[in-house]
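Please read them alongside the sequence and the 3D view.

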Amino acid sequence: MKKIFIPALICTTIFFTSCSSDDDNNIIGGEDQINVPANYEFEREGVSTVSYGGQTTRILMAKELSDAFTDFDNLTADRLTNMFSNENAPFSEGDLNSSSKSIKSKVAASNDYFSLNSTGSAAVKEDFESWMNAQFDEVLANQNVGATAGVAGQIAQGDKTRYVSAKGLEYNQMYAKSLMGALLADQMLNNYLSPAVLDEGDNIVNNENGVTEEGKSYTTMEHKWDEAYGYLYGDTSISTSNPMSVLENNSDKFLFNYIRQVAADDDFENVAQATFDAFKKGRAAITVGNYEVRDAQADIIKENISLIFAVRAIHYFQAGKESIAAGEMGAAFHELSEGLGFMYSIRFSQNPDTEAPYMSASELETYKNELLEGNGFWSVSAEKLDEVSEAIANAYSISVSQVD
């Protein structure tokens with residue numbers, strides 16, 4: 001079968017070291033001058049130049065918000081939306097409450113897709129807030145009611161209890177899987193890895209002359225690249241310099257967890273390693289001012305991160321179809337909710353060949369409405385799930401049969 005990942009290391013001479021010194025390579029260099037470290041470690045005058053604390057903060061916020069969806073003892077009318085916008089001290093950790101950062105401020109906020117599309121950005125934010133409000137208005141009130149077609153409530157999946165809307169949708173799954181696109185991927189692919197952001201203002205000349213941000217060890221361009229890195233590897237359970245060492249043993253709920261799951265499929269087995277290698281090589285290319293190599297690595301990352309949404313959407317739609325056929329509706333609703341969230345995230349993907357999403361927001365919205373029409377997942381057909389799966393596969397030039 002066709003393996004669609006792009007290898008991060010193109011044919012060139014590459015020197016591997018334990019650490020790359022920015023001072024030593026502060027020149028315009030060709031590929032033979034790019035020293036790619038074994039780990040994501042870069043220094044200037046003995047001080048690390050890698051920093052992405054803001055990304056870690058938002059990931060911590062996003063995880064706590066995800067858990068709060070089903071914390072019914074503490075769920076109030078505005079708790080989830082307060083966590084979304086970081087208002088009224090909603091988090092359990094004081095450092096999160098005192099942070100100037102929020103999830104909402106970075107949702108659908110990339111330079112490439114939303115700088116001239118404030119209406120589209122507002123619509124995405126409204127989607128997220130609608131799921132949060134519905135969890136309180138619909139699901140909380142019916143938490144002890146058995147869910148049936150047209151009635152929200154609880155439904156068993158083995159020894160687990162799932163809480164669904166009247167259409168069988170788990171709002172917490174819709175939130176978590178959609179956030180991977182709307183926040184993490186949109187900021188990574190369409191903002192921090194965008195040449196418009198990396199090369200903004202005096203970034204190029206400052207990078208080439210080793211001019212760092214005031215009071216910091218890094219140049220602005222270096223920092224922008226690291227911020228993209230943080231949206232994939234920023235969970236506190238992931239090794240800062242060598243995330244591949246915890247690929248199978250971490251508590252991440254977002255992109256890092258799912259790039260691991262995609263890589264577990266033989267047809268996409270190198271996607272996680274190729275992405276990490278591209279992040280290292282792109283950062284090393286910035287060190288020597290080779291922006292052609294930098295942008296080539298950014299394209300690899302864009303393709304591979306975008307792939308996560310397609311593979312997992314297809315996987316869950318097909319798994320949901322099988323669960324419905326087996327009469328296991330609790331499992332089906334859980335799988336279809338995850339699939340719908342991953343499909344929603346495709347609108348934030350970026351195809352390097354077109355510099356646009358693999359599928360448009362309007363096309364994805366049409367499929368979402370079709371999957372949820374009538375009684376939603378209670379009545380969705382196998383044919384419709386196959387149709388949507390095939391449409392996603394075709395947009396990515398893969399096949400449904402490739403997805404485990």
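1. Lys 63 is buried, since its relative accessibility of 13% is under the 20% cut-off. Its salt-bridge partner is Asp 235, with N and O 2.8 Å apart. Asp 235 is also buried, at a relative accessible area of 2%. This is a predicted model, and the remarks below apply to it as such.

2. Lys 253 is in the loop between H9 and H10 and Asp 67 is in helix H1, 186 residues away. Both residues are partly exposed: Lys 253 has a relative accessible area of 30%, and Asp 67 has a relative accessibility of 45%.

3. Asp 386 and Lys 321 pair at 2.8 Å between their closest N and O atoms. The bridge connects helix H15 (residues 382–395) with helix H12 (residues 291–325), so parts 65 residues apart in sequence are tied together. Asp 386 is partly exposed, at 29%.

4. The whole structure holds 17 salt bridges. A network of them links Arg 44, Glu 222, Asp 226 and Arg 283.

5. On confidence, the chain has an average pLDDT of 93, and 93% of the residues reach at least 70. Residues 1–27 have a pLDDT below 50, yet in the model this stretch makes 90 contacts beyond near neighbours in sequence.

Technical notes. Residues are numbered from 1 along each chain as its sequence is written. This is a predicted model: local features need pLDDT of at least 70, side-chain atom pairs count only at pLDDT 80 or more; totals for chains, interfaces and linings use all residues. Side-chain values use heavy atoms; hydrogens and water are left out. pLDDT is the predictor's confidence in each residue, from 0 to 100. Contact means heavy atoms within 4.5 Å. A salt bridge is a side-chain nitrogen of Lys or Arg within 4 Å of a carboxyl oxygen of Asp or Glu. Buried means under 20% relative accessible area, exposed over 50%, partly exposed in between (1.4 Å probe, protein chains only). Helices (H or I, at least four residues) and strands (E, at least two) are DSSP runs, numbered from the N terminus.
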